Amino acid sequence: MPLKYLLHPGFIALYVALDAASFIHPLHGLNITPWSPAPALGLVYLLRQGPIARVGLVAAVLLGEYLVRGMPFPWWKSLGSALILAAGYLVLSEFLKRRLPLTSLLDDRAALLAWMVPVVLGTLINSVLYLTSLHLLGLLPANGWLTGVLQFWVGDAVGITIAMPLFWWLTGERGRFALRSVLLRGETLMYSLLGLVALGIAFGLGGDSGFKLFYILFLPIVWASARQGMAGAIVSATLLQLGVIAAVQMLDFSAVTIAELQMLGVVMALVGFFIGGVVDEQRRTSGELRQTLRLAAAGEMAGALAHELNQPLTALGAYASAYDTLQARGETGVRLDAAINGMRAEAQRAGDVVKRLRDFFRTGATKLESVALRQLIDSSAEPYRLKARQGGIQFIESEVPDIMLLADRLQLEVVLRNLFSNAFDAVAAADTTGKLVSVQAVPLPGARVLICVEDSGCGLSREEAERAFESFHSSKSSGLGLGLVISRAIAETHGGSLWCEVADHGVFKLVLPTQETRTS
Amino acid sequence: MTDNLTVFIVDDDLSVRDALSLLLAIHDYRVAAFADADSFLKAFKPAWRGCVLLDIRMPGMDGLTLQRKLLELGSDLPVVVMTGHGDVDSARTAFRALALDFLEKPLDESRLLNAIGEAFARQRKAADAALTRDQVQRLLDGLTPREKEVMERVVAGRHNREIAAELAISPRTVEVHKARMMDKLGVLSVADLVRLSLS
């Protein structure tokens, strides 16, 4: 594996490159800059690679000192201060290692806090130790200690806070995947542009008068993290950080102003991370809830189908017993044939039930795809057209508007078939003339569509309408009364709803979200 | 079967009706099948003998309601309840309404045949008992009013002398009536007479 051998030199090269790139506005020509992302890379490297990385980190810090700052002091002083700095990062990484699982994506509040607090406090302690050592080595002017500590702390804390999640995500499979999918979205480009505009406004219009319009910069980061979670927060925080650094370089701000700007940057990044974390947490919870609903629906479906298996199995058993008896008597002829044909037919019927169960579980993981509403209604209504002709029932299918749904086709077919089946049963039960079942779809405002299935049956009373969606409440002999329960669970999994209206005839309404119109 | 006993199947599932009809016919039972409770009730006659094989869950009237209706109509047809999803509640309801058995679907052949066999045995026994009752009644109808009065008192445990006093006749006449009465009823002892009067 050549990559394996390239990893450590690659890290050292990248570390030194970052060190060089961020060696701007150094205080007293020392390694005290308002922006230092290199330690973030160093920490991720230490956390991911284990003990061997310690050697790499020390080498990288020393090499950076030599190449970037060119050893401005006696070699042993530079070496000593660099070693103290490296030791600080090693201790911080050991501390983080205990609190941060390797699989964590820092995308919930607990993990964010567990990471944030050691970083802020650790960099402060490191800054005090480093600056004190510089002071003792006589590399620092006597009155420069406090400013130096603050500047160094801000630079390190900001660098680590903003860059470490990015490096952390980039060095993990899941993180890379999430970042890639975020970067491929058009929305990312949009908020990046907004970020540019915000930078222009903050620095162009408000720059002279004390950077008054800084809060504009919050807009893109809040947008990104609210919509894309932690991934969006990382992308937008990184872009804004680069933008701020580029702007201060171009506008030639003083180091102190830059440090103040960096404080702002870290606050913006943290706001973004926490919003992103909350958004991700909420998404995960809602996903888990859907899964639970789906399992409940599958469980109820299984129960209902198990019951439906009972009838064919009862018949099958009786035919088999009949066959046994005839066989024992040596009887052949019509009755033996009847038993065997009956067994065959009932086995087929039981097989159909099992097939339906399999169909349901095949969709176990909701498979969302673009489905044309027209096609969906058409295929669900298909079996009922023949039934309508045979039963003398008028089946009216109104023209379906050209609407796309993002849905699991099979599951929604289960819902619609169930509604049709109920409607046809209701019509068959009512002894009225002019038997009628109708279906129509109406677009609603807010990217939703209403599908209404009506029948000329006797409708549901208020009490019946309330009970219709309860488990095991059925007015029919076949099934356990789960059809509507499952249908409602499926509708809700799709972000829609299903209910029946109290009326003098049957009215069931299904509302589903439609797919946002694509720009193709 | 010579004694006109029939298994009445009430189940909404065509295949189940068909399969059970075939199976029972092979075991030489007369079978009549109904798709729902209403059509069974419409056709029902009090003279029917045999047993009812009843599914609980059916469209319209359910099996347990039909069972209660039959009881209200004074039917003594034994009822065997079948169900695919038996629970304690429905079993309790069925047995309180004097169900003979409670079978779960898919049915166990031997249990089904045992239940039907037991039901038919009960029906035959009841028919035998009814037959004896008829005969006794006919014998009693052949007694004179005086003989009946004497019989009631003998059964009640009175002595001839007491009976004579009560009826204001001589003990000798009581003896004559008593001998004639026992002769007509075909009993040899007072104990036999008591037993017969109790049936």
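**Briefing: the interface of chain B and chain A**

In this structure, 23 residues of chain B are in contact with 23 residues of chain A. The model is predicted. The two chains bury about 1900 Å² between them, and 58% of that area lies on carbon and sulfur atoms. Three residues, Leu22(B), Ile26(B) and Arg57(B), supply 33% of the area that chain B buries against chain A, more than any other three residues.

**Polar and charged links across the interface**

- The interface of chain B and chain A holds one salt bridge.
- A salt bridge joins the side chains of Asp13(B) and Arg349(A), with a distance of 2.5 Å from N to O.
- Nine residue pairs are in polar contact across the interface of chain B and chain A, counting pairs in which both residues have pLDDT 80 or more.

**The side of chain B that touches chain A**

- Helix α1 of chain B, residues 14–26, contributes nine residues to this side, the largest share.
- By residue type, the side of chain B that touches chain A divides into eleven nonpolar, eight charged and four polar residues.

**Aromatic rings**

- Over all chains, the count of aromatic pairs comes to 18.
- Within chain B, ring pairs link Phe8(B), Phe34(B), Phe40(B), Phe44(B) and Trp48(B) into a cluster.
- In chain A, Arg48(A) lies over the face of Trp168(A), at 3.9 Å from the ring centre.

How values were computed. Residues numbered from 1 in each chain as written. Chains lettered and ligands numbered in written order. Predicted model: local features only at pLDDT ≥ 70, side-chain atom pairs only at ≥ 80, totals over all residues. Heavy atoms only, no water. Phe/Tyr/Trp six-rings, centres within 6.5 Å; stacked < 30°, edge-to-face > 60°. Lys NZ or Arg CZ within 6 Å of the ring centre and 35° of its normal. Contact = heavy atoms within 4.5 Å. Buried area = accessible area lost by both parts, 1.4 Å probe. Salt bridge = Lys/Arg side-chain N within 4 Å of Asp/Glu carboxyl O. Polar contact = N/O pair within 3.5 Å; in protein donor to acceptor, adjacent residues only side chain to side chain. Helix = DSSP H or I, 4+ residues; strand = E, 2+ residues; numbered from the N terminus. Nonpolar A, V, L, I, M, F, W, Y, C, P; charged D, E, K, R; others polar.
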